[in-house]
Amino acid sequence: MIDILTKPANQVGAREIQSLVKLQLPESEQIEFKESLPSERNTSDPWIAGKDQIGMPAKDKIVKEGVAFANAHGGALLLGIQESDTNPPVATRISPVPRCGDLAERLKLVFRDRVEPQLPRLEIFSVPIEDSSGVVVIRVGRSRLAPHRVTKTLVCPIRRSDRCEAMTMREIQEMTLNASRGLERMEKRLSERSQRFRSELDCLSSPDDAWGIRLTAVPLGDEIQIDRVFHRGRLAEGLDEPWHSVLSRLGSSARPLAGLGSGGTTIAQRWRPKLRGARADSRADGFSARPFQNSYRELHCDGLIELGYVCVRGYPILPGLPVQMFANLAKWADRVRSQTLAPSAEYALEFEVLSTGGPLQVASHNPLSSLAFVEGSTRFPRIPLGDSSEIPEILALVNRDLWNSLGEDVDHEQAFEVQD
């Protein structure tokens, strides 16, 4: 996989840009090179000439190319790379554009004003090469909101091989219908997982007085299809993700979150095959025929991932447990889409708390207040997972949603860090 498509923006530097030239990387369905800002024939774009504005031809061409990636399979447009006259063109040398950092910020505004609906996965960043001059990377993910159109021309462009072309009306209609079907498929899968989760409590020693947490990740499109997830007694190579601990940072202090792997709770490790998927359980049964707690992990051939933890009442819910599980769900989803060559695939993440036998007590930040989830199911708003760099922000949102749902304000902003 090409680094420029998959590496976090803060890890893309001059070395990654130089490797494109060294390898003579060709333009493709997901890569486009431009030596400079496009302009009218025999003229230079105002920005290149030292002015503080981008010309209309450059705006039109760059936005069209970016939208075409979103309507296809995602990709990256690099400004500041000279290309050959061959077919397809290949990267031949770096041709730094001036004030690349300022240009990247200006292009963000251009995309904001000229695309509808807004692109959900758009990154524009600069890679300095010579002082303030360098390469601008415009990275666009495949969009679940496609088709997108350029507001000025009302055209819906799409990337075909190494070309940008206008979509036909039939293609627009089919893409709109497929997007609707994708959302319906996601809704159906998540509803099925919620209904099935109730059976996880039925396996406990006291199912009528228990609670559980379910976290499920479902791909929003059909980019992820795995032929076989279980092989030779374990998950197929590359699909497993090691369990991560999570640090909670508040000011200058940091502490690990208590969750699975601590306090006597273990992480599901023993994998077994199931229909079009695989599952691992870690049961704690004491002296009973049925367990009093269980954690499990599942991976399905359509890319669905689920983490669950169920427990009889009397073992309290640890407030850090959902955040830690969310971190591992997101990291695992990112691993699966990378291994299946669909790094731009977007996931929907869902979090549910289920309680039987009365309200579920939760330890509060304030020892004088009593917090509890109501009996039954509490399903939280779904969260999209785009780029892996968003994971710390997602964890902060999950933490805030958790406490707000219990009627408690988070008057301090915790930051979370996933440990590798």
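Begin by selecting strand β16 (residues 270-274) and strand β17, which run antiparallel and are joined by 5 bridges. Strands here are DSSP runs of E with at least two residues, numbered from the N terminus, and two strands pair if DSSP finds at least two bridges between them. This is a predicted model, in which local features need pLDDT of at least 70 and side-chain atom pairs count only at pLDDT 80 or more, while totals for chains, interfaces and linings use all residues. Residues are numbered from 1 along each chain as its sequence is written, and side-chain values use heavy atoms, with hydrogens and water left out.

Next, pick R270 and look across to D281, its bridge partner in β17. The two strands form a hairpin with 2 residues between them, and R276, in the turn, has a positive phi of about 55°.

Now select β17 itself, residues 277-284, where 6 of the 8 residues are buried (under 20% relative accessible area, with exposed over 50% and partly exposed in between, using a 1.4 Å probe and protein chains only). Strand β18 (residues 293-300) also runs antiparallel to β17, and 8 bridges join them; here you can find A284 opposite Q293.

Finally, move to S161, which lies in the loop between β9 (157-160) and β10 (163-166). Is S161 buried, exposed or partly exposed? S161 counts as partly exposed because its relative accessibility is 42%. Leaving aside residues up to four places away in sequence, S161 touches S28 and E29, where contact means heavy atoms within 4.5 Å. Select Q30 as well: S161 and Q30 are 131 residues apart in sequence, and their C-alpha atoms are 8.1 Å apart in space.

Methods: Helix = DSSP H or I, 4+ residues; strand = E, 2+ residues; numbered from the N terminus.
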